[in-house]
Amino acid sequence: MVLPGARTKANFYRARDDGSFEVSARGFDVLRIPQINKGTAFTAQERRELGLVGLLPPAVLTIEQQAERAYEILEKLDNLGRYRFLTGVRDRNETLFFHLVASHIVETLPVIYTPTVGLAIQQYSRQFRRPHGIFLSIDRQDEIEAAFHNADPGGDAAIDLVVATDAEAILGIGDWGVGGIDICVGKLAVYTAAGGIDPARAIPVVLDVGTDRQSLLDDPLYLGYRHPRVRGDAYRAFIDRYISTVLRLYPNALLHWEDLGAPNARWILDRYRSSICTFNDDIQGTAGTVLAAVTSALKVTRGRLRDQKIVIFGAGTAGCGIADLIVNAMVADGAARDDAVRQFWCVDRHGLVVADMPDLPGFQRSYARPAGEVAGWERDAERGIALHEVVRRVAPTILIGSSGVTGAFTETVVREMADSVPRPVILPLSNPTALAEAEPADIVAWTEGRALVATGSPFAPVIYNGVTYAIGQSNNAMLFPGLGLGTIVARARLLSDGMFMAAANAIAAMVNPWELGASILPSIAGVREVSVRVAVSVVEQAMREGLARVSPPDPEAAVRAAMWEPHYRPMKAV
């Protein structure tokens, strides 16, 4: 569905309310606009009207035939080659790109998003082809509004979603400066392919505040602001100006934050989450997806959420964000908040987070264990109280990894946990794949097939003692597309924790994990239907909490009607 007011290329085409296009461009200009180019799918009449006669081979193909041909090429390439090929398709024909991605989501999601997009980001300046999105630089703040106007020449406030990064903490690879734009481009591609967000109503943004990666600063071909990262008051003022501009231009837009460094991610979320419609996917989206995995696993263990003992290895913004949401879910399950917080043991690079540690970040303080409680625990002079000691002492029921430390869940750690728990829940979530805290095959073997496992990156099924174990992927793509879609349909004023919990419950409700070897999360292959269920739950929760500015009488019908579909629209020359 194309909603009224969709963004267009001024003076070239206009989207009508019925989904068709009025096109004033002619000839090769039509073929150069990816939003309207159909390639060999233009009908004979459209070719005559739009000046395309003789500019295309005579055969008229369907989008399905075009996608079949493209997929044959895609299959023969390695992952980085696939990324470049898909980018080329998008640069020529946006509708075909999304049709191809949505039709082969299992194969294409790891290419347009994590892990392959990380490789592309590292090579961004050296492999630059065609820009996507908006580049806002801290040394050119007076150009912020002009940049949005240039990207959205209609200026009709019809933007629903803006995804922004400052690229300080890209995936597991760190600071990559201006190249971080590609994580936002990839994120929006997933929003569209998995959640039906109209690509004409969404904008990716990189907030370029410099980079601390010396190899980029020394590279004469680096395309970003060549300056060490700007921090402190100047950074905050830049963020505030960006937000105020976006909200003035697009008052209904959802602001999505991606891959910010830990301190900035927290203060931005804390400052704005209670006053505007915004969320941080690394903190809240990750937490919602993990809560879905935990909720599903508890169907098997038959335990109550409030009774679980949870060790989180990697107590950064993502890890503590996971803890925050699960605490809220425990409270909703009837626990007192202080009791819920005491069910968590968070381990960071200096070991177990303990109250007497100096300079604890604010987001860790509530999870710090009292020094007296752990006085007799074994500790290392450099690493503090290590993960193995925590697992040995606590006997956790759930072990979550968000550390980026390859192999941190050793055989000793996993076996120690499995000795105390009949069905341990083990979630090595770090990605890309090479950074996973453990391999699923090892976890299954070390626990004699008893562990309930989900990972952050895709892994093949594991065969153990004749049983095939499907490994669920705790991928944020399960949550954020539907979350965004539901928020847009409801025109929600804010994104509440209740909406994230509703999204998590919707995901968990889509699997039956009781059979030995069954996944505790839905398959990525069904992510578009998952997004529908998530969106409906988000709309309903927003209505219950009084956060919805639009309350559709039939939320599911409203969600399905709002989903953009990648098929060619009729075109009329004007």
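Mentor: Helices (H or I, at least four residues) and strands (E, at least two) are DSSP runs numbered from the N terminus. This is a predicted model, in which local features need pLDDT of at least 70 and side-chain atom pairs count only at pLDDT 80 or more, while totals for chains, interfaces and linings use all residues. Residues are numbered from 1 along each chain as its sequence is written, and side-chain values use heavy atoms, without hydrogens and water.

Trainee: Which helix gives the most to the negative patch?

Mentor: E68, E72, E75 and E107 form a negative surface patch (over 30% relative accessible area, no salt bridge, like charges joined within 9 Å; 1.4 Å probe; a salt bridge is Lys or Arg side-chain nitrogen within 4 Å of an Asp or Glu carboxyl oxygen; Asp and Glu count as negative, placed at CG and CD). E75 lies in helix α3, and with three residues the greatest contribution comes from α3.

Trainee: In what order do the three strands of the open sheet stand?

Mentor: β1 (13-15) and β17 (571-573) each have a single partner strand, so one side of each is left without a neighbour in the sheet. β1 pairs with β2 (residues 21-23) in the antiparallel sense over three bridges, where pairing takes at least two DSSP bridges. The pairing in the sheet is mixed, and the order is β1-β2-β17.

Trainee: Which residue of β2 is the bridge partner of A15?

Mentor: The two strands concerned, β1 and β2, are antiparallel. Within β2, the bridge partner of A15 is F21.

Trainee: What is the omega of the cis peptide bond between T114 and P115?

Mentor: P115 sits in the loop between α6 (105-112) and α7 (116-122). Most peptide bonds are trans. The bond joining T114 and P115 is cis, with omega about 10°.

Key
Patch = residues over 30% accessible without salt bridge, like charges linked within 9 Å, V, L, I, M, F, W, Y side chains within 5 Å.
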